[in-house]
Amino acid sequence: MDSPSPPDASRPQRAWRPRARWLERALRGVAIAAIAVEALWYGIHEVRGFGPALADGVRAVLGPAPVAWAEDVAYGVADRLNQARYRNATPKTFWEPAPAAAAEGTDDVEPIEEESISSPSPFEPPFAEVAATGDGVWVPIRDAVRPNDAPVLWKSVVHPDPRRSFSAIAVVAIDLGRVDLQLVAGTKEPFSPDVPAERRPGLIPEAHAAELIAAFNGGFKAMHGHYGMMLDGDTFLPPRNIACTIALYRGGAVRIRTWRKIRGDEPRMIGYRQTPRCLVEQGELHYLLYDSNRDWGATVSGETVIRRSALGIDATGKLLFYGLGEAVTARTLAQGMKAVGARDVAELDVNHAYPRFLLYSRGAGGAGPRATSALIPDVQFKPEEYVAEPSPRDFFYLRRKTGSSS
């Protein structure tokens, strides 16, 4: 009986070569995609203006929904990677922690009197398992303009998420007895066809430059919620009843409440800036934060773990809190701001490029003020920002009240 002929060795080779070429192309495609994603991530986080320009460009072509979806997916992947990477890491900090021993420290709208606050009250970290040394301790922020004066700003850190040790909020406490909160419209935002360009210079007035201490970001673009803003009689966008409202009053008082609850005060306001629904109001987190958690950002959902900012005020109306959170959701941002002592809290702008808190000092040779530092690392800024280079976005700034040097 004849033995079977050996298999044709050329046939597997012919079948294998196309598969090998396909696999090689697939691997090359994956490598290129990975490099592209890494380059895109670097551009968004390290190249000033790249992220906003890219998002605005894509949004103009495809609309806001695809951009929101892409951001949610990208940040979701980043969050899962960070949870794995920092699983056993120590809690994130922004500066050298303070000593563990803490330093001691109404519905009526009345002018704020100049009453010195030696230091805000220390607060209890909300989650001991992720608290770092120094959480709950207020550290004075040195005033570069008046270094010998008593402090009017203090900083601390709160870790608001028991699942993420890398989630942290840097908070600044502001003494409204000795500091004025001011609002400035950007040259482009919030967009309004009714206010001429000369009424929105995007700069801190020269008359306030000598007392300037700090400046920080405002709220969302007009297209992301159409939240209202009024300043010095100019209504850029009309108020929305459901929106949280940062209201500035004659005499220096500040309130943060849902518009329908304070709209009767409008004749006494010099300005207001609206945001999404109040994160915290009268000491209670908004009920939607326990449910859908999607009302705090038109570009990303409230559940997305990203950089976010907020402004809050205590029960006395004398202490303002600015918070800049890294890797936070709307809910954890609310929890952190409540923990430090804020009774009413509004969410300001979100995403990597926009939140910022800048500190100022006098320029060289008697020049005007220039930004010299940011509250946290990894915030890109120019020294001329807000004072010599107009801002396209609205913002707030802080200045010492005239004659306040105690």
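Two strands pair if DSSP finds at least two bridges between them. Helices (H or I, at least four residues) and strands (E, at least two) are DSSP runs, numbered from the N terminus. The model is predicted: local features need pLDDT of at least 70 and side-chain atom pairs pLDDT 80 or more, while totals for chains, interfaces and linings use all residues. Residues are numbered from 1 along each chain as its sequence is written, and side-chain values use heavy atoms, without hydrogens and water.

View 1. Of its 406 residues, 50% are buried (under 20% relative accessible area, 1.4 Å probe, protein chains only).

**View 2. Strand S5 (residues 212-217) runs antiparallel to strand S16 (residues 357-362).** The two strands are joined by 3 bridges. Phe-216 stands opposite Phe-357 in S16.

**View 3. An open sheet of 5 strands has the order S4-S18-S5-S16-S17.** The pairing is antiparallel. S4 and strand S17 (369-374) each have a single partner strand, so one side of each is left without a neighbour in the sheet. From one strand to the next, the twist averages 30° (axes are lines fitted to C-alpha atoms, and angles run from 0 to 180 degrees between N-to-C directions).

**View 4. Arg-178 lies in the loop between strand S3 (168-175) and strand S4 (179-184).** Arg-178 counts as buried because its relative accessibility is 1%. Its side chain makes a polar contact with the side chain of Asp-175 (2.7 Å); such a contact is a pair of N or O atoms within 3.5 Å, where, within protein, one must be able to donate a hydrogen and the other to accept it, and residues adjacent in sequence count only if both atoms are side-chain atoms. The Arg-178 side chain also reaches the backbone oxygen of Pro-151 at 2.7 Å.
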